[in-house]
Each structure stands twice: as C-alpha cells, then as structure tokens.
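Hi everyone, thanks for making time this morning.

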Number of protein chains: 2
Amino acid sequence: MDFFFYPQKVAVFGSFKKGAIAYEILQNIVEGGFEGKIIPVNPKGGRVEIAGRSFEIRERLEESVDTAIIAIPARLVPELIDEIGPLIKGAVVISAGFSEVGNEELERELVEKARKHGVRVIGPNCAGVFGVHGKFFGSFEVRVKPGGLALISQSGAFGGAALAMGNDEGIGFSAFVSYGNAADLNESDFLEYFADDKNTRAIALYIEGVRDGRRFLEALRYASSKKPVIVLKAGKSASGAKAAASHTGSLAGSYEIYRAAFKQARAIEVEEMEELFDAAKAFEMYEKAGKRVVVVTNSGGPGVLATDKLERLGLEIAKLGEKTVEELRSFLPPQCSVKNPVDLIADADYERYRRTIEVVCGDENVDSILVICVPPIFIPSEEIARAVVDADCNKPIVVNFMAGELVRRGVEVLEENGVKNFPTPERAARALRWLSLR
Amino acid sequence: MDFFFYPQKVAVFGSFKKGAIAYEILQNIVEGGFEGKIIPVNPKGGRVEIAGRSFEIRERLEESVDTAIIAIPARLVPELIDEIGPLIKGAVVISAGFSEVGNEELERELVEKARKHGVRVIGPNCAGVFGVHGKFFGSFEVRVKPGGLALISQSGAFGGAALAMGNDEGIGFSAFVSYGNAADLNESDFLEYFADDKNTRAIALYIEGVRDGRRFLEALRYASSKKPVIVLKAGKSASGAKAAASHTGSLAGSYEIYRAAFKQARAIEVEEMEELFDAAKAFEMYEKAGKRVVVVTNSGGPGVLATDKLERLGLEIAKLGEKTVEELRSFLPPQCSVKNPVDLIADADYERYRRTIEVVCGDENVDSILVICVPPIFIPSEEIARAVVDADCNKPIVVNFMAGELVRRGVEVLEENGVKNFPTPERAARALRWLSLR
C-alpha cells in the first residue's frame, strides 16, 4: 500500500472552486510540500491557482498515477473507477452517499469495478489519507508534524479532531487514514501495513466495530508484536453501541468480546480520547518501561499526587539503593528529601536536576523516571528543561512541567528535543503505565 | 476574615529589591489594581518604583492597616508581630523556616505574639492570599481572572500551579489562599469563611492532611451545605501518604477515613488535578444538574464516546419524548439522527444547533445537555458557539468544542459569554457527573 502513503504521482478528481472538497485537498497536498506530480482532473478543464502555483485541470486522466483521490458525486464514482482503473493502483473515495445512506448497491458496484482492475480502495465516505514522511497530505484535514504515530480512524470527524488536538499535544505523525465505509480496505489491512512501515513507531486505532473479528484479531496480534498498538473502542456501553450502530452502521457487538481480543493481542486499550493522546506521546518516545518508577520533583504536593497515581495504577515506587541515597545526600541541600519522591525543593536549578536524574538513573532498582517541575524560582523553566535533555540517562524519562503559561518556554525546549510534556502529574503517571504494559 | 480578602489598607514587609519576594508581592498588588492604601515597610527605608508609581518605603509601620504581608527572615517574625500587633488585624506570613524545618519553638512564639494582640495569622511558610473581587493579589503567584472559585491549598506550589493552569482552563477565581504550616488559621477556617463569601460559587480544596478531624468534618459539612466543595486529597496511597508526611509533615492518616468524611459531608471528591479543574469549571457555571443527559453533536464518533462515558459514570442517556422526536424531525434533514445522541451531521449550522438545543431543553425527560462540536464545514466554529449562547434554555449545558486550533475562536466566543469549554467528550461527560452529585 505504499502507493497510498508514499505516492510519486497523484490525481485529484472533483471541483476546484475555492471551498470545494477537491480544492481543499489539492491545496493541502500542494501546501504540504508534496514533491511528486499532482494532476487535478475535472471534465470542465480550466486552471486552478494554489500557493503561487498554477495547475492545468485535465479533462480526463491520461497517464498512470499511484493514487486517485476522488471527490465527485457518489453515483458517478463506479463509472470513473472503471474508466481510470488501468491507470491507477489505489483510489481514495472521499465522496459520501453509499452504504452509509442505504446505497449498498452503489457501493458493491464501486468495489466490483475496482476489483476488475486490481485497484485498492480506501473509503468511500472517508476523510482521506496522510503519508506524512512522504509529504503527502491527501485529505482536507489539518496538516500535522512528522513523527512516529500512525492514526487509523473509522470516524473521519474523530480523526480530524484528533489530528488537530495531536498538534496541540505535540504529537508527531507518520500517517493518517480515515477508512469510512471500508468497502475494500479496512482496519486490519492498515494495522498490518503500519506494523511494517519503517516510519511508524506506534499505531493508534479508533474503532466503533469491525466486520471480520477473526481477521481483526490476527492483524491486531501481528501489529502488536511489532510495535505498540493503542486502541480506543467507541460503543462500549449499551447506549454507546446503539449510537455507533446508527453512526457507522457498526454492529458494535459485545464490548466484552472486544476487550478480550485487545487483551489477547496485547494491544494497549485506552478508555478515552485524552488517554489516546497520552499513550501516543509515551510510545512515540519509548518502546516500553518497567514498573519501578522514581519521582524527581521541585515541589512536594505534585510529587505526592504522582506517587498516589502511580501506586493506584499498579506501578511501583522504586526503593532507591543505599549508594544512590548516599550520593544524592552528598550534593543535595539538607532540606531536600532523598527518598522517593526525591524533592529537590523550590530553588532547584539545572545542576541539581541534571545530577539527580543521572544518579537515580544509575540505580538498578529504577526502571524509569518521572520528572516534575513547577515554575522554578529565580531561574526560567527552560533551564530545567535543558537539565532533562542533557542528563546522561538511558532509561525512559516522562516529564510533567506544570503551570501552563509559566512553563511554556520550558515545554518548548523539551519539545524541540523530542521530549513530550504531560500537563499534570497524574497524566505523566498514566503515560508510564502504558509503557509498562508492553 | 474580610480583612484578608477584601482589605482597605495593607502593609508589605521585606526587601524591595527587584526579584525579592516582598518586591514581587508588592508588584502583584500594584499591577493587580488594588484601590486601597499600600505601605511597603523596611527598616532601611528608601523608595521603590513599580508600574510607573513610586512608593516611599517606611522604616516602620506607624498607622493601622487591615493586613500585613510579611516576607522577612523567620527569626525576626515573632518580634515584628509583637511590634505591629496593635496596628493590624491579620498577618500573612510568607517566610519559611518554622515548624516545617523543625523550628516548632519559633512558630509557637509567633502564634503567642499574634494571640496577645488578637491578630489572626495565615502561614507561616505560605504563598499568600488573593481576594480577586477586592482586586487584592497578596501573593507572588500569577494573577487570575475574577470568577466564582475559591481555591484553598495546603501546598503553595500546587496552588500556584493550579492558578496558572486555571487561567489556561478559563476558570475564574474569587479567592486563593495558601495556608502553609497552618499555625493559626487552617483549612476549616477558610471553608467556613468561603461558605458565606458572596463572590464564591464553589470552593476547591487541596489537602494532604488535617490536624483536627472533627472540626474539619464540621466545617466541610457546613460549607457543602452552602455551595459545592471540591476536594483533592493527596497522600491517598501508602507511598503517597509517606511522601506527604515528609512534605507538609501531615499525618495523612488512613485515606478510607478521609473518604468517608468527604462522603458524609457531601463534598465532591476528585481523584486528580485535571478533575479538580473540570469540576471547578462545571460548578462555576451551575449549582447542580439531574442525571438524564441528552447529547447533541455534529459528529457521530465523539457522540458515541460521550455516551459511553456518561453511562459508565452512572448518568442516564435521556429517552426523548415522542413530541420532541417529532419536532426535531420536522426541521432536521433526514440524514440526522433524532435519537439520543442527536446527530446534526457535519454541515450543521447556527440555526440547526440553536433550535435543537431549545427543543431538547423543553423535554421533561431531559435534565441537562451535552453539546459537542467538531470543526463545522462551510462555517466558522464561532457560529455554533453563538447558537449555544443564544439558545433559550434554562437547563445546564456543558460544551465540548473539540480540535484545538480549529475551534479556538468558537471557544473564545463561549468563554466571553461565560460558557466554559471541555476539550474532550469524556471530560464534558465527567463535568456532568460532578453536577449530578449535588
């Protein structure tokens, strides 16, 4: 499926009036810096200007491309696929008006024409695809930063919102696919594909329901064996399942069966949207972590909150070795607490944080480190951020710089260096839990 | 205690060199727009310039003030209190170096001098007080917007971080107090005070432990009978309790006892920091809400997630009456779902949202409304925000505009009109749960 996520040549079908869906997609592709050939197609021809470039709109497609993105009226889609089938490998059908509104026949026809030509289909009724490392933004959704997360979403709107919120959360993406009605390719195909995609470090999956449970379990198991797969299942409650049925037509089925499947496949199931982001952030940074955590903080209260949450989530508050305690004692002011949580107190600076992180990191009783920073007094938060970045430590470090505006520069310095921030002590603790489940 | 939160005249004791604590506090008071008299005091005298104003630093206090804020070396505090006792009603002692580092004797002396003159004390070892509606920012912590939340925090650093994060979350504050070592006034005194404070709609309390359990239970019960009291207890786990003991010297005690007390007093216990914000936002808007919720959304997926969470939290998915369903059917496009969740689909505009909210609001089976909006197509999100604001509805409406940057203007319009946004469907659902507990 590289032709979907790393295409060399693409064609876009639809209206290229400003505001039309095909126009928006073309604009996203152009502005996203796609380096291959882009061919807009509309029977009316003409030209379209985007980002200082001018494109001739072809009246029909006359050369081979990897992928066609199709945003034309539903009833015309099967015919178009039949016409361009010999020239394309994949079709992303954005158009709605198929099985989701009862037009099963039209959808069957679409698939039939595609199969005839060996064309693979994403959609119909979908939001499109991003292949972020190929600079291919084949969707009207907001563009995202390159990174390690592949997001597979049954709901286009959920996917779009998650991309935008992911930008805010500092998540980097390798790919995005909204697969809509899944007439041809479905969640299992994408799980298998991203399991082997070299730019994907973790996969996030939003599903309401799947049609082929056996295949799904196999794909999920395969993907989970390669990299972390984070699953958010919607339609868990009785009312939610009913709502899902009327939304994507999914037979959500018994949640207990899904839950068992997730567990069996060793997928990371999250309960809500925010947890999806937190898990994604954790797994973009680290493959996994053990259970024994040490908390390093410049403020007692947040250290206690982190400790509470870690213990509640089944993690362990690491018991620091004697040598570690002695070493910490040797350079920390006497008011500091050298038990776990290690409290460096309010005037902690770069050196105190860096050395402490390095010392606890060297302790064989420690698997990972949760670093908390409330706005330091006397120095800017970015100095503590630099201490975290500079610390010579080969174990997972999860960071909670808290207090919004007041630590913004610190959080920026962290992000510039690939360290993602968790806004509360408890969310940082939860991130470590996801890591411990691998 | 009005002299702490609505003072007319205040004195600040300490160093007024830039960056010194007394300077920072003075600056906050001046920049916060305090309209009463402000007297900086330091034996060395001189002048201090702040925000274009010049203050004479008095060598000693020679006139009556409501409150003295004291940030001088700990050992000099009891003596100062004895000297100025006849001139002040309250003392906020920022200085550290008392019982928290083993100097119990010095703290006893402080209290003794204060009692001798009938002076009430906040602290020592605290971050100070805000009386936001009196424009009195007697702390070095970041200033906040006026609103209905009074924040009482045992931990100064937690309090400071919560204020800054509260600003980001759109919370408005009536007051803030960090009570440090609680040598004189403690959490129970503040609970009682804010229970009767006219500007306070809800109280948030961060505690690690209390000394007088019986008094606390009474104060909590009294305050809860007047308005919602949100409690975040740190030191819930065994390790957390140990950490709390070394932080504030709190005997955190068995969490089970606290939990029973919270329940008995009908306080709203939250488990983590983010929930504290969400509950505060909910209670700043509404006193309470019933359990039967209707979800109104322009996207199926997020509607399903909200439904799942509501049901999981013990709320009910309201069954809409026949008349409601008929009325919705009369003006909604046929693709819309008129069951609960009501799905207005992607092209929903101002009119569709407003009318739907009004119709479901009129249903006697509905107690409250959860409105979800993913970035609408064709129109800006602020139009949907206006629909929420304009809707003629007298039941609680909790809102989830999702997708960060893409709905920012919509969220701003909501906030300008006193409607607080919850960033995910699940957090909005949780807000409704807190409201249902009153």
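**A walk through the two chains**

Let's start with helix 2 (residues 21-31) of chain B, which lies across strand 1 (9-14), strand 2 and strand 5 (67-71) of chain B and runs at about 155° to strand 1 of chain B. Helix 3 (residues 77-84) of chain B packs on the sheet too, touching strand 1, strand 5 and strand 6 of chain B, and its direction makes about 160° with that of strand 5 of chain B.

A few words on terms. This is a predicted model, where local features need pLDDT of at least 70, side-chain atom pairs count only at pLDDT 80 or more, and totals for chains, interfaces and linings use all residues. Residues are numbered from 1 along each chain as its sequence is written, while chains are lettered from A and ligands numbered from 1 in the order in which they are written. Helices (H or I, at least four residues) and strands (E, at least two) are DSSP runs numbered from the N terminus. Axes are lines fitted to C-alpha atoms, for helices over the stretch in contact, with angles from 0 to 180 degrees between N-to-C directions. Contact means that C-beta atoms, placed from the backbone, lie within 7 Å.

Now, the sheet itself. In chain B, five strands form an open sheet in the order 2-1-5-6-7, with parallel pairing; strands pair if DSSP finds at least two bridges between them. At the edges sit strand 2 (37-41) and strand 7 (120-122) of chain B, each pairing on one side only. From one strand to the next, the twist averages 20°. Strand 6 (residues 90-93) of chain B is joined to strand 7 of chain B by three bridges, and B:Val92 stands opposite B:Ile122 there.

So how do the two chains meet? In total, 58 residues of chain B are in contact with 57 residues of chain A. Helix 11 (300-312) is one of the helices of chain B that supply at least two residues to that side, and helix 11 of chain B gives the most, with eleven residues.

Finally, how are the copies related? A rotation of 180° with 0.0 Å of shift along its axis superposes chain B on chain A, RMSD 0.0 Å, by least squares on the C-alpha atoms of residues with pLDDT of at least 70 in both. The two copies are thus related as by a two-fold rotation axis. Among the residues of chain B, B:Glu274 comes closest to that axis, at 5.7 Å (C-alpha).

Conventions
Contact = placed C-beta atoms within 7 Å.
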